[in-house]
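Biologist: Let's go through this one together, starting with the backbone and then moving inside.

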Amino acid sequence: MIMYNIHELMMYNIGFTFGIPVNKSCGYIPTLLISLNPQENCVAAEAALDRLACALGGKMVMPHIIQAVPPMLQSKEWKHRYAGLMAISASAEGCKKAMEANLQGIVMACLPYVADEHPRVRFACCNALGQMATDFSPLFQKKMHDKVLPGLIHLLDDDAHPRVQSHTAAALVNFFEECPQNVLLPYLPNLCQKMQATLEKKTMELVQTHRKLVLEQIITTIATIADTAENHFTPFYQSFMPNLKYIMENANDKELR
């Protein structure tokens, strides 16, 4: 009976991650998840799933994730795919030991959604990859760099969806914060070229439209790459400085400080 209730609670949390209808046969909807605001339900469900995973551990929680998530990822409804990816993100920390044994399989199941047709699913995929980069470092970086980095770097070109761009840059921060330097170095020239081009584009966007969401995150990503690369970043220093100096000299508005 206890296991049945846990299963139902898990299903509600995963379902409420994006307002997916769930089986109400048990007659129980957690008070925490009742809200007229779907966005509040989403945030509460993610937090509850994270807490459940941390409190109960992977042995108890992971079987329910394995049961619920794969059909959601295969769904034609973008909300289902989004919820499945966010469920992986939310449960990763608490299920670390259980997920680590099949890390490659989990990552490979997530990777196709880097190119999903819906921007919110791409966002959720970046979120899952970034979370796993933190929770499973440095194993994640050592084993999965050749599979994960090309997709994330490609998403930096998603100019039509700045929230996806920004979240991609944030996922790269998570990846490179705990990345062994020898893993980063083969990517450094092309990565810096991409970062420099994105920085220049987003600096111009700031001047023309005052949009700064992506620019703020890109600067943080560049700093993280430089910190990990150390002296190997020196050859690329000059290419970044004109735009960074321009920002320092002209970001005088209160909202830009």
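**Loops, helices and core**

Modeller: H210 is exposed, at a relative accessible area of 51%, where exposed means over 50%, buried under 20% and partly exposed in between (1.4 Å probe, protein chains only). This is a predicted model, in which local features need pLDDT of at least 70 and side-chain atom pairs count only at pLDDT 80 or more, while totals for chains, interfaces and linings use all residues. Residues are numbered from 1 along each chain as its sequence is written, and side-chain values use heavy atoms, leaving out hydrogens and water.

Biologist: What's the phi of H210, then?

Modeller: Phi of H210 is near 65°, a positive value in a residue other than glycine, and H210 lies in the loop between α11 (188–209) and α12 (213–229). Helices here are DSSP runs of H or I with at least four residues, and strands are E runs of at least two, numbered from the N terminus. E230, in the loop between α12 and α13 (237–250), also has a positive phi, about 55°, without being a glycine. Most residues other than glycine have a negative phi, and most peptide bonds are trans.

Biologist: Which residues does the cis peptide bond join?

Modeller: S137 and P138, with omega about -5°; P138 sits in the loop between α7 (119–135) and α8 (139–155).

Biologist: Where does α3 bend?

Modeller: Helix α3 (residues 58–73) bends by about 25° at I65, the bend being the angle between axes fitted to the seven residues ending there and the seven starting there. I65 is one of the buried residues of α3, which also include V61, A68 and M72.

Biologist: Switching to S89: buried or exposed?

Modeller: S89, in helix α4 (residues 78–92), counts as buried because its relative accessibility is 8%. Its side chain reaches the backbone nitrogen of A128 at 3.2 Å. Not counting residues up to four places away in sequence, S89 touches A124, N127, A128 and Q131, contact meaning heavy atoms within 4.5 Å.

Biologist: How many disulfides are there?

Modeller: The search of the whole structure finds 0 disulfides, a disulfide being a pair of cysteine sulfur atoms within 2.5 Å. For C95, the nearest cysteine sulfur, that of C54, is 8.3 Å away.

Biologist: And which residues touch the most other members of the largest nonpolar core?

Modeller: Of its 69 residues, these are V107, L129, M132, F140, F176 and M195. Such a core is a set of buried Ala, Val, Leu, Ile, Met, Phe, Trp, Tyr and Cys residues joined through side-chain atoms within 4.5 Å. Beyond its neighbours within four places in sequence, F176 is in contact with L149, L184, L191, T224, I225 and T228.

Terms used:
Polar contact = N/O pair within 3.5 Å; in protein donor to acceptor, adjacent residues only side chain to side chain.
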